[in-house]
Amino acid sequence: ISGMALSGDGHLLACGGPDQLLHVWDTRTASLAESFKGHRDGLTALAFAGASRDLFTAARDRTVKVWNLNEMTYVETLFGHADSITAIDSLSPERAVSCGIDRSVRLWKVLEESQLVFHGHTASIDCV
């Protein structure tokens, strides 16, 4: 496992790793609720969007994927990083921030389908 995230209500635990799968566990029953294949390389980071059940996953395939875990569905893929993504965080379903080996930090504006890119680091960025 490379990353884990707990939903705001504590009822869902999402985890992922080198197997490229997103696993969602129901913490009330300690059972696997769903597994998703979506990324083309290992997952590196996960973040629930604030108190919602929208989940952002990041991976070595340079993409961020958005999932709606109320419906247990994939929503969309965000493209922009030039190398593996190392970390992601979010406070709302409309915004996420990620960073990576490409030495950039990206603020994703999900509804606007745009991103702000911050350059200037001289080495890989490992956390947000």
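I counted a pair as a salt bridge when a side-chain nitrogen of Lys or Arg lies within 4 Å of a carboxyl oxygen of Asp or Glu. The model is a predicted one.

Entry: arginine 53 and aspartate 9. I found their side chains joined in a salt bridge, with an N to O distance of 2.7 Å. The pair connects distant parts of the chain, 44 residues apart. I located arginine 53 in the loop between strand E5 (43-48) and strand E6 (54-59), and aspartate 9 in the loop between strand E1 (3-6) and strand E2 (12-16). I then looked up accessibility: arginine 53 is buried at 18%, whereas aspartate 9 is partly exposed at 39%.

Entry: aspartate 26 and arginine 28. I noted a salt bridge between these side chains at 3.2 Å, N to O. Is aspartate 26 buried or exposed? Its relative accessibility is 15%, so I recorded aspartate 26 as buried. Arginine 28 has 53% and counts as exposed.

Entry: glutamate 112 and arginine 95. I recorded a salt bridge whose closest N and O atoms are 3.4 Å apart. This pair also links distant parts of the chain, 17 residues apart. Glutamate 112 sits in the loop between strand E11 (105-109) and strand E12 (114-118), and arginine 95 belongs to strand E10 (residues 95-100). I noted glutamate 112 as partly exposed, with a relative accessible area of 48%; arginine 95, at 32%, is partly exposed as well.

Conventions:
Residues numbered from 1 in each chain as written. Predicted model: local features only at pLDDT ≥ 70, side-chain atom pairs only at ≥ 80, totals over all residues. Heavy atoms only, no water. Helix = DSSP H or I, 4+ residues; strand = E, 2+ residues; numbered from the N terminus. Buried < 20%, exposed > 50% of the residue type's maximum accessible area, 1.4 Å probe, protein only.
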